[in-house]
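Hi everyone, thanks for coming. Have a look at the sequence and the structure on the screen, and then I'll walk you through the fold.

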Amino acid sequence: MSKSRIAVVVIVIAAVAAVVYFKSRDARTVTVKGNTPAVAAAPARVQPAAPTPAAQRASVIALVDPREEGETHGCGAIIHLVREAKQQGVQVVELAPGSDSPLVKQHRILVNPTVLVVDANGQERARFEGEDGATIKAIEQELQKQKERARS
């Protein structure tokens with residue numbers, strides 16, 4: 001193997017390692033153990049802001065591809081769940097891939113789709129990435145909690 005090929009392999013490995021490191025650092029991701037999704041805890045990354053009366057409940061940030069809105073599975077199912085929660089009083093911010101919203105950088109949103117639940121101070125309480133069945137079920141359960149809180 002030539003030196004240039006070895007150099008390319010080393011660079012690729014280093015890049016992959018960097019992405020994995022930054023992706024896993026302080027991230028809360030859904031893990032599936034058997035049939036039970038669990039959300040890993042993570043320390044807060046956001047400076048607390050003074051909550052306003054309208055921001056007393058947790059809100060949802062969803063990075064989803066609006067082109068998949070009509071789909072009945074995957075990202076389309078997530079869009080449906082998030083919009084249903086919004087109609088029932090949950091504060092929702094919907095972002096499209098490639099968005100230049102500061103929320104993308106602030107919460108290190110790298111995967112499409114991603115659904116975050118944040119408290120009134122902007123601290124992440126739950127993170128769901130991907131569109132497999134277990135993740136969608138976990139999103140559905142979390143959004144149900146948020147809808148119940150919005151009603152109270």
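So, what pattern does the protein follow when you read along the sequence? It goes α-β-β-β-α-β-α-β-β-α.

Quick housekeeping. This is a predicted model, where local features need pLDDT of at least 70, side-chain atom pairs count only at pLDDT 80 or more, and totals for chains, interfaces and linings use all residues. Residues are numbered from 1 along each chain as its sequence is written, and side-chain values use heavy atoms, leaving out hydrogens and water.

Four strands make an open sheet in the order 4-3-5-6, with mixed pairing; two strands pair if DSSP finds at least two bridges between them. At the edges sit strand 4 (91–95) and strand 6 (124–129), each pairing on one side only. On average, neighbouring strands here are turned by 15° against each other, direction ignored. For angles, axes are lines fitted to C-alpha atoms, for helices over the stretch in contact, and values run from 0 to 180 degrees between N-to-C directions.

Now let's walk across it. Strand 3 and strand 4 run parallel, joined by five bridges, and Leu 63 has Leu 95 as its bridge partner in strand 4.

On to strand 5 (residues 114–118), which pairs with strand 3 (residues 59–63) in the antiparallel sense over five bridges. Here the bridge partner of Leu 63 is Thr 114. Strand 5 also pairs with strand 6, antiparallel over five bridges, and Leu 116 stands opposite Arg 127. Those two strands form a hairpin with five residues between them, and Gly 122 in the turn has a positive phi of about 85°.

Which residues cover the two faces of strand 3? Ser 59, Ile 61 and Leu 63 are buried on one side, Val 60 and Ala 62 on the other. Buried means under 20% relative accessible area, exposed over 50%, and partly exposed in between, with a 1.4 Å probe and protein chains only. Strand 6 has five of its six residues buried, so it is largely enclosed by the rest of the structure.

What lies across the sheet? Helix 2 (residues 74–87) lies across strand 3, strand 4 and strand 5, at about 145° to strand 4. Helix 4 (residues 133–151) lies across strand 3, strand 5 and strand 6, at about 150° to strand 6.

Last, the inside. The largest nonpolar core has 21 residues, and those touching the most other members are Val 60, Ile 78, Val 82, Val 115, Ile 139 and Leu 143. Such a core is a set of buried Ala, Val, Leu, Ile, Met, Phe, Trp, Tyr and Cys residues joined through side-chain atoms within 4.5 Å. Helix 2 gives the largest share of this core, seven residues. A second, separate core of seven residues includes Ile 61, Leu 95, Val 104 and Leu 116.

Beyond its neighbours within four places in sequence, Ile 139 is in contact (heavy atoms within 4.5 Å) with Ile 78, Leu 81, Val 115 and Phe 128. That's my tour, thanks!
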